[in-house]
Amino acid sequence: MMSRKYVSLVVLMFLCFHASITEGQQAIYEDPNQPIERRIKDLLGKMNLEEKVGQMTQIERTNATADAMKSYFIGSVLSGGGSAPKVNATPKEWMDMVNGLQQAALSTRLGIPMIYGIDAVHGHNNVANATIFPHNVGLGVTRDPQLVMQIGGVTALEVRATGIHYAFAPCLAVCRDPRWGRCYESYSEDHTIVQQLTTLIDGLQGIPPGDMKGMPYVHGKTKVAGCSKHYVGDGGTVNGINENNTIVDDSTLYGIHMPAYVNSIAKSIATVMASYSSVNGVKMHANKQLLTDHLKGKLGFQGFVISDWQGIDRITSPPHSNYTYSIQASVTAGVDMIMVPYEYKEFINGLIDLVKKNVIPMSRIDDAVTRILRVKFATGLFEYPLGDYSLVNEVGSQTHRELARRAVRKSLVLLKNGKPGNPTLLPLPKITGKILVTGTHANNLGYQCGGWTIEWQGVSGNNWTAGTTILEAVKKTVDKKTKVVYKMNPSKDYPEKTNLDFAIVVVGEVPYAETRGDSTNLTIPDPGPHIIENICKNTKCVVVLISGRPVVIEPYLDKIDALVAAWLPGSEGQGVADVLFGDFGFTGKLARTWFKRVDQLPMNVGDPSYDPLFPFGFGLETQPTSQTTDTVKLEL
Ligand code: GLC
């Protein structure tokens, strides 16, 4: 009869022997030479339910402790709008933070890397001193797929330069009503322009080789996983009310709001974000027909569907009032990763419970995790999970800023140039006596960048990030003999008006994001209209409008000599002066209808009763005073 001690010794020896022969062997999922689908199958087969549900969980960085990452097998972390390691964090400090969370994820039993996401929607806009590009409302005016692809490439590079792997962009909304607070995130009211500019995905992720088309594809260390959003119909809600109901027939849904998602899948988009809004009364986060049957079935999407921020909570009214139902309805409908972002224990325990009770089949969990792993393998996270510190100086580089400056130039639309009987005002002379630069937006970098810049709702002032205000740009552009006077909001009988040759009046909307931008009147906030009237009644004036959309301008139009729509140009205000003073010509054409009155809305090109102030496609042109080629060489 063998003693207990002897048996234990034999077992111990066997375990040591087994460990020694398997220790050197690499699991299939760890082998980069194996096909991705084989690696997924191998890894999935090793995972338990807790590890699978952890992969489906995305949490906000403020509650992403190392312990949470390890104990709950968290698969993804995000920075919500404005959520930085600290104010003015450097790219290295960002990378240190992301790498720290990654090390915690890698220390779990199977060492599955986490994927970190952020809203890099017009450059790497959460990060101080990053290059801030014009918002999509301006890029739509350029109608330049190549330019937008370059912007995607620069954005991806600057995102990876902070150690982050995933950008919640592009927004493919087809904004059909400018009263919507997110209309500036939409390229155009015309879906063909939105489709054309899905080239942002090529820039963000890289262009997939022929045999990879449709499968998630992210080409290397300077590219990021993209996210086409918000699926579907986010820009078509009733009266532009954010997160509301999009009431459409099939031809509108599939003919206007859906086409850009087809382009996205052909470009191997890695992820798609569900919209808060509803289609014909069905919440998109609970819409199995559109999320699974159409997107994954008919269109063949192979990446993962991510919820929006607390998107599953908002399935119910009031939000989070029946979280178990929210979990069940969203995961069943086809949401694969849930942007929780705070109540992750409640989410994880709730989903595990629903699986254990067979309310949600394990097959649905396995499908979701398969899609998530597919994106992680495609993004190279298993091979190089940690950020590359050699990239940190790419953030806000001069070459990137030159590209943004070019995008600003091409985004401007000249709506008026001269009054009847008066000569055209633009391009302005660089050599003259005295000019006045005035207005709330003339010397405010935060205003010219708009929402989703440093903070979720944007910022005001010039100390938040690097860039060039329009005032600074004018001063740099004019001849040194020309006197430039600045007054943000001159008094009624402003003394500066003496011997003025002309005035540049820069006014518009203050930054906003999402519902805070919803508007029923679309007026230019005070004191903008007063500044226009006060200055333009005495002096030749060019008004430069900084806005996320067309705004009420007709009442002042006859007083204005020249009118420029600059939208939300971003950090490189020099692009505005380049065109105002003739180094480059105006080329932009409206990608949105400019209404006369708000009571005409919604009003889009092609509507039977179409009576705009400036029609879709309108834009006056000017010739550059010197022959300069407008290109920026970039190796991306
Ligand atoms: C926001 C937005 C979405 C963004 C997400 C993460 O509420 O709807 O566009 O990507 O949350 O910040």
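Author: Helices (H or I, at least four residues) and strands (E, at least two) here are DSSP runs, numbered from the N terminus. Over residues 49-375 the chain is 40% helix and 10% strand. The end C-alpha atoms of that span are 20 Å apart. The model is predicted: local features need pLDDT of at least 70, side-chain atom pairs count only at pLDDT 80 or more, and totals for chains, interfaces and linings use all residues. Residues are numbered from 1 along each chain as its sequence is written, and side-chain values use heavy atoms, without hydrogens and water.

Reader: What name does UniProt give to residues 49-375?

Author: The unreviewed entry annotates them as "domain: Glycoside hydrolase family 3 N-terminal". Residues 412-621 carry the UniProt annotation "domain: Glycoside hydrolase family 3 C-terminal", also from an unreviewed entry. Such annotations may be inferred rather than shown by experiment. Residues 412-621 are 16% helix and 16% strand, with end C-alpha atoms 10 Å apart.

Reader: Which domains does the domain assignment give?

Author: Domain 1 (26-394) and domain 2 (412-600). These bounds come from an automatic or database assignment. The centres of domain 1 and domain 2, over C-alpha atoms, are 36 Å apart. Contact (heavy atoms within 4.5 Å) takes 42 residues from domain 1 and 39 residues from domain 2.

Reader: What area do domain 1 and domain 2 bury between them?

Author: About 2,900 Å², with 51% of it on carbon and sulfur atoms. Buried area is the accessible area (1.4 Å probe) that two parts lose on being put together, summed over both. On the domain 1 side, V141, R179 and Y184 supply 21% of the area buried against domain 2, more than any other three residues.

Reader: Why is the largest pocket said to lie between domain 1 and domain 2?

Author: Domain 1 (26-394) and domain 2 (412-600) both give residues to its lining, so the largest pocket lies between them. Its volume is about 320 Å³. Of its 23 lining residues, Y276, W309, W452, W456 and E514 are closest to the centre.

Reader: What makes a residue part of a lining?

Author: An atom within 4 Å of a pocket point. A pocket is an open set of points on a 1 Å grid where a 1.4 Å probe fits, with protein on both sides within 12 Å along at least five of seven lines.

Reader: How many lining residues of the largest pocket are nonpolar, polar and charged?

Author: There are 9 nonpolar, 6 polar and 8 charged residues. Asp, Glu, Lys and Arg count as charged, so E514 is a charged lining residue.

Reader: Which residues lie nearest the centre of the second largest pocket?

Author: R176, G236, T252, P602 and N604, out of 14 lining residues. This pocket holds about 260 Å³ of space. Its lining has 5 nonpolar, 6 polar and 3 charged residues.

Methods: Points joined across faces, edges and corners; volume = space filled by probe spheres on them.
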